[in-house]
Each structure stands twice: as C-alpha cells, then as structure tokens.
Amino acid sequence: MTNRFITAPLAALALAGFGAATFTLTAPTAAQAELPKGTKAPAFATNAALAGKEFGFNLSAALAKGPVVLYFYPKAFTSGCTLEANAFAEAMPQFKAAGASVIGLSNDDIATLKRFSREECRDAFPVGVASAKIIAAYDVAMGNSGLTTRTSYVIAQDGRIVAVHSNADYRGHVEKTLAAVRALKK
C-alpha cells in the first residue's frame with residue numbers, strides 16, 4: 001500500500017505529469033485508509049456530465065440497474081487522470097457486457113467535467129463532482145489539498161463494496177475493477 005500524503009511540491013510535480021508513482025512514499029498511514037470491502041457504500045447524489053451534458057447522478061438509482069464502478073481521480077486533464085479516463089473509456093464495452101456502470105469523481109467544477117467527459121472520457125461514461133462531503137464519506141482526501149486520491153471501488157447491486165484498489169499509478173485500476181465486476185457474475 002502506498003502513502004497518499006504527498007508534499008505540496010511533489011504533488012504539483014505529479015499532477016503536472018511527472019508520474020505520481022515516482023513520488024509516492026511507502027509508509028502507510030492510519031489516517032488515510034479507503035473504505036474496506038464489505039462496507040455499505042455511502043449513498044450520494046451529485047452533478048455529473050456525460051458527452052458534455054450535465055445531469056444529476058444518484059448512486060442508489062445507478063445501483064438499481066447493476067453494479068457500479070466508482071473511481072476517484074485527483075484532477076481532470078492531468079496526465080495520469082487523462083490516461084485513466086482513456087483506459088476506462090476503451091474498456092466500457094466490457095464493463096457494459098458485465099452489467100456494470102462506471103462513474104469517475106473529482107473535485108473539478110462541472111464546466112471542466114463537461115469538457116473532460118467529451119474529450120477524455122470519449123462520451124463513454126460520466127464524471128461527477130466529488131464534494132467535500134463525498135470525499136470524506138469515501139475517505140479519499142489527498143491530505144488537505146481538496147484533491148482526491150486515485151481510488152477505485154466496485155459496489156455490488158446490494159450497495160456493498162466488493163473491491164477496492166487505491167494506487168496513485170492509474171495503471172491497474174481498469175483491470176482490477178473489471179475483474180471484480182466479472183467475479184460478481186459467477
């Protein structure tokens with residue numbers, strides 16, 4: 001597990017595209033721990049964007065249709081977050097075939113997310129506003145920066161978290177969440 005506390009200068013370098021994995025520390029901390037498997041996912045509603053259009057996203061409504069992959073990312077249009085969004089977009093046919101929906105959340109404003117949903121999510125899945133309340137409920141705050149850690153949750157249709165992957169490196173999030181979604185069908 002990596003420590004998600006990154007000093008401000010290192011975080012700025014990581015967000016600028018210099019590879020967040022290069023700057024992460026290895027000591028875990030008790031203060032920053034994602035929600036564990038088996039936990040009931042906190043319900044929320046937020047503003048989101050899909051294909052450049054704003055809409056209201058409600059986790060309970062999404063779960064009524066099937067499992068949800070909820071992934072938090074630090075900042076739209078940074079290198080790692082862009083590559084992660086591209087990877088989720090490319091894998092959307094596989095997520096849909098497994099009966100799951102995907103939503104990405106960051107604390108970006110809705111105008112930014114509208115653009116990000118078109119350009120980097122390729123109109124394939126929505127991205128929503130992670131309010132301070134949502135960030136706290138899912139325990140994904142990156143220190144006091146207002147940003148979120150890169151954490152992916154797979155939430156089963158009953159609302160329970162069945163998989164968690166938290167790693168500053170975007171690689172592996174799609175693969176691990178897709179495997180967890182597929183395991184739900186077995």
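A residue is taken as partly exposed when its relative accessible area lies between the 20% limit for buried and the 50% limit for exposed residues. In this predicted model, Glu-54 is therefore partly exposed, its relative accessible area being 40%. Its side chain forms a salt bridge with that of Lys-114, with an N to O distance of 3.9 Å. Lys-114 is likewise classed as partly exposed, at 29% relative accessibility. The two partners are 60 residues apart, Glu-54 belonging to strand E2 (residues 53-58) and Lys-114 to helix H5.

Seven salt bridges are present in the structure. One of them joins Arg-150 to Glu-84, with the closest N and O atoms 2.6 Å apart. This pair also connects distant parts of the chain, across 66 residues: Arg-150 lies in the loop between helix H6 (132-137) and strand E6 (151-155), and Glu-84 in helix H4. Both residues are buried. A further salt bridge, at 3.4 Å from N to O, is made by the side chains of Arg-118 and Asp-123. Arg-118 is partly exposed, with a relative accessible area of 46%, and Asp-123 is partly exposed at 32%.

Glu-120, located in the loop between helix H5 (110-119) and strand E5 (127-129), is buried but has no salt bridge. The nearest side chain of opposite charge, that of Arg-122, is 5.3 Å away. Beyond its neighbours within four places in sequence, Glu-120 contacts Phe-77, Thr-82, Ala-85, Asn-86 and Ala-89.

The largest nonpolar core comprises 27 residues, of which Tyr-73, Phe-88, Phe-95, Val-102 and Phe-125 touch the most other members. Two or more residues are contributed by each of strand E3 (68-72), helix H4 (79-97), H5 and helix H7 (173-184). H4 supplies the largest share, seven residues. A separate core of 21 residues includes Ala-41, Leu-105, Ala-130 and Tyr-138.

Within the largest core, Val-102 is part of strand E4 (residues 101-106) and is buried, with a relative accessible area of 3%. Its C-alpha atom is separated by 5.7 Å from that of Val-68, 34 residues away along the chain. Contacts of Val-102 outside its sequence neighbourhood of four places include Phe-88, Phe-95 and Phe-125. Under the corresponding exclusion, Phe-125 contacts residues including Ala-49, Leu-50, Met-92 and Gly-104.

Aromatic pairs number 12 in the whole structure. Ring pairs join Tyr-71, Tyr-73, Phe-77, Phe-88, Phe-95, Phe-116 and Phe-125 into a cluster.

Terms used
Residues numbered from 1 in each chain as written. Predicted model: local features only at pLDDT ≥ 70, side-chain atom pairs only at ≥ 80, totals over all residues. Heavy atoms only, no water. Helix = DSSP H or I, 4+ residues; strand = E, 2+ residues; numbered from the N terminus. Buried < 20%, exposed > 50% of the residue type's maximum accessible area, 1.4 Å probe, protein only. Lys, Arg positive; Asp, Glu negative; His and termini not counted. Salt bridge = Lys/Arg side-chain N within 4 Å of Asp/Glu carboxyl O. Contact = heavy atoms within 4.5 Å. Core = buried A, V, L, I, M, F, W, Y, C linked by side-chain atoms within 4.5 Å. Phe/Tyr/Trp six-rings, centres within 6.5 Å; stacked < 30°, edge-to-face > 60°.
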